[in-house]
Amino acid sequence: MDQKQVKPFGLSDKIGYLFGDFGNDFTFIFASTFLMVFYMKVLGIPGAAVGTLFLVARVVDAFTDVTMGRIVDICKPGKDGRFKQWIRRMAGPVAIASFLMYQSSLAGASMTVKVVYMYATYLLWGSICYTGINIPYGSMASAITEKPEERTALSTFRGVGANLAQLVIGVLGPVIIYTTDVDGAQVIRGGGSIFPVVAGIFSLCAIICYVICYKCTTERVRIEKDPNAPKVTLLQTFATIFSSRAMLGIIGAALFLMLSQLLISGLNMYLYADYFGDVKAFSSYTFINIMLSLMLAGFVGRITGRMGKKEAAAVATAFTGAVYLVLFALKLTNPWIYMISSAIGFLGVNFFNLVIWANITDVIDDAEVKNGKREDGTIYAVYSFARKVGQALAGGLSGYAMGLIGYQSAAKVQTAEVLKGLYTISTLVPALLFFCVTFMLVVVYPLNKKKVEENSEILQKRRAAR
């Protein structure tokens with residue numbers, strides 16, 4: 001394509017990239033927040049079985065994620081680019097697969113049927129369809145622009161898209177899905193029949209968001225393959241990736257981040273419904289949390305421009321860990337005090353989420369500088385798999401922890417001992433995990449502000465020389 005005919009990077013790309021993650025998270029955040037609730041409270045599947053599902057799915061993802069990354073790297077670019085073509089192809093399938101997971105009509109089926117259904121639909125959605133659209137979408141950022149500051153802007157807008165999805169799902173979800181019975185207990189509306197309705201609406205919203213992403217973004221950076229370059233095997237690629245401190249550092253940080261963030265997300269519904277007895281406070285928490293994050297987005301560029309992405313993210317995650325440690329020590333019983341405190345504390349995680357995608361493009365650049373080969377899809381796929389491992393471990397940890405503290409999904413009211421355990425695993429465990437994120441960023445991840453700028457200059461000179 002003649003570069004003179006390509007429109008310059010601008011607001012359209014940022015808005016389009018925002019809607020891409022908005023679409024992803026209509027299914028991802030809905031599953032992270034409510035899928036375990038659906039499995040346990042509507043279908044009656046034990047928490048340990050649900051946790052095992054999440055772990056098994058991640059084993060499958062070890063193959064599907066990397067396979068999709070390789071496909072993206074070696075496939076012939078379409079007229080719309082190397083990555084956008086997959087958004088066009090997979091938008092419908094991922095939305096339909098998400099809807100199929102929430103069929104409450106199976107609540108009366110045998111446990112065998114329900115478990116088979118759970119595995120089939122979850123693997124179809126997460127390991128095949130979601131992978132098929134998320135890997136190309138995430139890899140596309142480095143093809144939209146090669147400038148570090150513009151990639152940071154894309155990462156910030158992507159984070160805003162995720163926040164908007166969280167706002168819709170986190171604020172409206174609990175109010176629509178939960179209701180109060182005659183005894184004042186928080187129960188699922190309609191015995192669970194509300195789930196397929198909400199899932200269907202969110203799936204349609206996801207498709208609309210993907211269309212906007214496709215229409216508004218432009219791939220500008222075309223990496224021309226050298227026909228004389230030696231072929232690199234998948235094993236050699238993995239050897240290069242896992243010998244990189246940058247890759248290991250960001251994978252470690254992402255693993256602990258997803259584990260802590262999704263543990264909180266998965267347990268919050270139980271914490272507010274059972275411990276505090278007030279799901280409205282959870283809706284308010286989500287609203288305040290997202291509003292604070294959206295306000296923070298306006299300052300991300302200036303903060304990272306002055307401090308660097310790595311440096312600022314380390315400070316931010318340490319702050320969140322400290323807040324959750326204080327919440328554990330205080331043993332709060334007022335949902336509104338807890339809600340405000342945790343929303344302020346979560347600002348640190350929200351900051352990291354706004355810049356982390358720019359970190360991934362920095363890692364891709366660093367790998368290209370070192371080995372002379374650009375493999376956006378494969379590197380992003382490895383990182384995506386690490387995030388899914390965090391997701392699985394969080395789901396597994398949530399399910400096993402609920403069983404360990406003696407949580408009874410069929411009981412309207414939990415014992416005092418169970419509620420005490422629920423508060424502990426919702427505060428102390430995430431606090432320790434957030435400190436692990438900080439450790440990975442400070443000690444392992446090497447791409448500070450100076451190094452990122454050096455790599456960008458090297459790659460620009462190489463491409464200009466061609």
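A disulfide is a pair of cysteine sulfur atoms within 2.5 Å. By this rule the count is zero. This is a predicted model, where local features need pLDDT of at least 70 and side-chain atom pairs count only at pLDDT 80 or more, while totals for chains, interfaces and linings use all residues. Residues are numbered from 1 along each chain as its sequence is written, and side-chain values use heavy atoms, with hydrogens and water left out.

**Stop 1: the cysteines**

Select C75, C213 and C216. For the sulfur of C75, the closest cysteine sulfur is in C213, 16 Å away, too far for a bond. The sulfur of C216 also has its closest cysteine sulfur in C213, at 8.2 Å, again too far for a bond. C75 is buried, with a relative accessible area of 15%. Buried means under 20% relative accessible area, exposed over 50%, partly exposed in between (1.4 Å probe, protein chains only).

**Stop 2: the largest cavity**

A cavity here is a set of points, on a 1 Å grid over the protein atoms alone, where a 1.4 Å probe fits but cannot get out; lining residues have an atom within 4 Å of a point. Grid points are joined across faces, edges and corners, and a volume is the space filled by probe spheres set on the points. The structure holds four cavities of 30 Å³ or more. The largest has a volume of about 580 Å³. Select F28, I29, Q166, Q261 and N353: of its 35 lining residues, these are the closest to the centre.

Now colour by helix (DSSP runs of H or I, at least four residues, numbered from the N terminus). Elements giving two or more residues to this lining include helix 1 (11–42), helix 6 (148–177) and helix 13 (347–371). Helix 1 gives the most, with seven residues.

**Stop 3: V349**

Go to helix 13 and select V349. V349 is buried, at 0% relative accessibility. Beyond its neighbours within four places in sequence, V349 is in contact (heavy atoms within 4.5 Å) with L257, Q261, T320 and F434.

**Stop 4: T121**

Finish in helix 4, at T121. Is T121 buried or exposed? At 10% relative accessibility, T121 counts as buried. Its side chain reaches the backbone oxygen of Y117 at 2.7 Å. Not counting residues up to four places away in sequence, T121 touches A97, L100 and M101.

Notes: 1 Å grid on protein atoms, 1.4 Å probe; cavity = no way out; pocket = protein on both sides within 12 Å on 5 of 7 lines; lining within 4 Å. Polar contact = N/O pair within 3.5 Å; in protein donor to acceptor, adjacent residues only side chain to side chain.
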